[in-house]
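Okay, thanks for coming, everyone. Let me put the structure up on the screen and then we'll walk through it together.

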Amino acid sequence: MSELITGPSERGLYRLAAGTLLVAFQGTTAPDWVMRGLEDGLGGVTLFGFNVADPAQLSALTASLRAAGDPVISLDEEGGDVTRLAYHVGSPYPGNAALGAVDDVELTRNVYCSIADDLARCGVNLDMAPDADVNTADDNPVIGTRSFGSDAELVARHTVAAVHGLQAAGVAACVKHFPGHGATRQDSHLEVPLVEATMDLLYSRELVPFRAAIEAGTKSVMTAHVRVPALTGDLPATLSPAALTGLLRGELGYDGVVVSDALDMKAITDSYGLAGGAVLSLAAGTDLLCLGPIPAESDVQEIITGIVEAVRDGRLSASRLEEAAERVARLRAWFAEPRQVSAGESVIGLTAARRAVTLTGSASPLVDPLVVEVDTPPTIAVGDVPWGFTPWLSQAEVIRIKPEGADVAAILERAGGRSLIVVVKDAHRYEASQSVVSELLAARPDTTVVEMGLPIWRPKAAAYLATYGAARANAQAAAELLGV
């Protein structure tokens, strides 16, 4: 990347521009271009599930990154459905919806402290969590169980507990997605979602958890690629000076690091491009620009070039980059403070999942159970993380079906004389899933239904279990309750 460097002042500008980027890469070892980039001033990296094989490998990877520079090393470890550490097996922590259902802030703090211990031992210093969105749209395609709930005050107190838990273990929290993604019905990975809320409603609902997190000392806040006409006009919040400088910095008084949501999401790239979006986001008040897995070395170079050119032609001030660098330097200094990494409580995730799971009706003793898992397409935020009962069922047959065109008659024949358990995930969002379950229940009213998403659609079944998430811990807790 050093071909842009032509002199001391030019080198300083280049390093300021590079220092705003959190880049991503494929594989379980860092490529040469990332290592060179860190030497030349890259801000850090964002890791994904495909970067993680196991704790030992991740520790070696982060150590190699630190050998090349002083990077911010971040990933999304929310627990529950969104996990990077346990991407290949499912999270041992139940996720925010389950924690909100229990509504024990000390439990939430302990869960997030354990998550932070896991991260710190692997060399990760910034967790892009917790999700502070107030999930008021039942059909929200991207938040759902990632939220603590639909009540602003509940979400606020658990957001604070999560921030305290993470940061007590030396991992910076990144509260997201400002100014709120919970009222949306579109996925910002694919388009710009709309939040139709007045400023009064924003203050009384969406902003309540963010205000609480700021007062609790969160080290960073992540922007949302959402359009809130009352606040941002036609711009997504990630690019809006009114949202980031006026509201977040000004009215709410936040002076920590502002991190963008991934700039390679279509909500940004389709209208502004990577470099254009980067410049606008920095000008609006962002300090670190998160890049998802799509941008390659050449794209990163184009972004840095675009930022440098924007400073040269006056679209972006050098002082804005210096301000961002100063905030990130403060964050790095906080990382360097001495702390003791604890062993954590290995069963805290399962303890929380057990407390969250609920049973309506009565489950009969199981007889040669057939478990039918109704497949649900993964969201981009979650990725292809395993879910379901298979790891915990030693005495049951487990099959997974596509709800579209499912052969209900064949399933019923297969379940003859046996206990039937039907597992769904966010069935309220999928009519095909509801149809299959309803057909099975019509013939087998003794069926047990397990909902591993939000328990909004509740069919009349002999027994109905709600786990509030599809993580490995949620499945184990439900299996225990069923006696499988």
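I'll go through the sheets, one after the other. Keep in mind that this is a predicted model.

Let's take the open sheet with eight strands, in the order 7-6-5-4-3-2-1-8. The pairing here is parallel. As a reminder, strands of a sheet pair through backbone hydrogen bonds, either parallel or antiparallel. So which strands stand at the edges? Those are strand 7, residues 257-259, and strand 8, residues 289-290. Each has a single partner strand, so one side of each has no neighbour in the sheet. For strand 8, look at strand 1, residues 21-23: the two run parallel and are joined by two bridges. If you want a residue pair to find on screen, Leu21 has Leu289 in strand 8 as its bridge partner.

Okay, on to the open sheet of six strands, ordered 9-14-13-12-10-11, where the pairing is mixed. Its edges are strand 9 (358-361) and strand 11 (397-401), each pairing on one side only. On average, neighbouring strands in this sheet are turned by 20° against each other, direction ignored.

Strand 10, residues 370-374, runs parallel to strand 11, with five bridges between them. There, Val371 sits opposite Val398 of strand 11.

And what packs on this sheet? Helix 17, residues 431-443, does, touching strands 10, 11, 12 and 13; its direction makes about 165° with that of strand 12. Helix 18, residues 472-482, packs on the sheet too, with contacts to strands 9, 12, 13 and 14. The direction of helix 18 makes about 155° with that of strand 14.

Terms used: Residues numbered from 1 in each chain as written. Predicted model: local features only at pLDDT ≥ 70, side-chain atom pairs only at ≥ 80, totals over all residues. Heavy atoms only, no water. Pairing = 2+ DSSP bridges. Helix = DSSP H or I, 4+ residues; strand = E, 2+ residues; numbered from the N terminus. Axes fitted to C-alpha atoms, helices over the stretch in contact; angles between N-to-C directions. Contact = heavy atoms within 4.5 Å.
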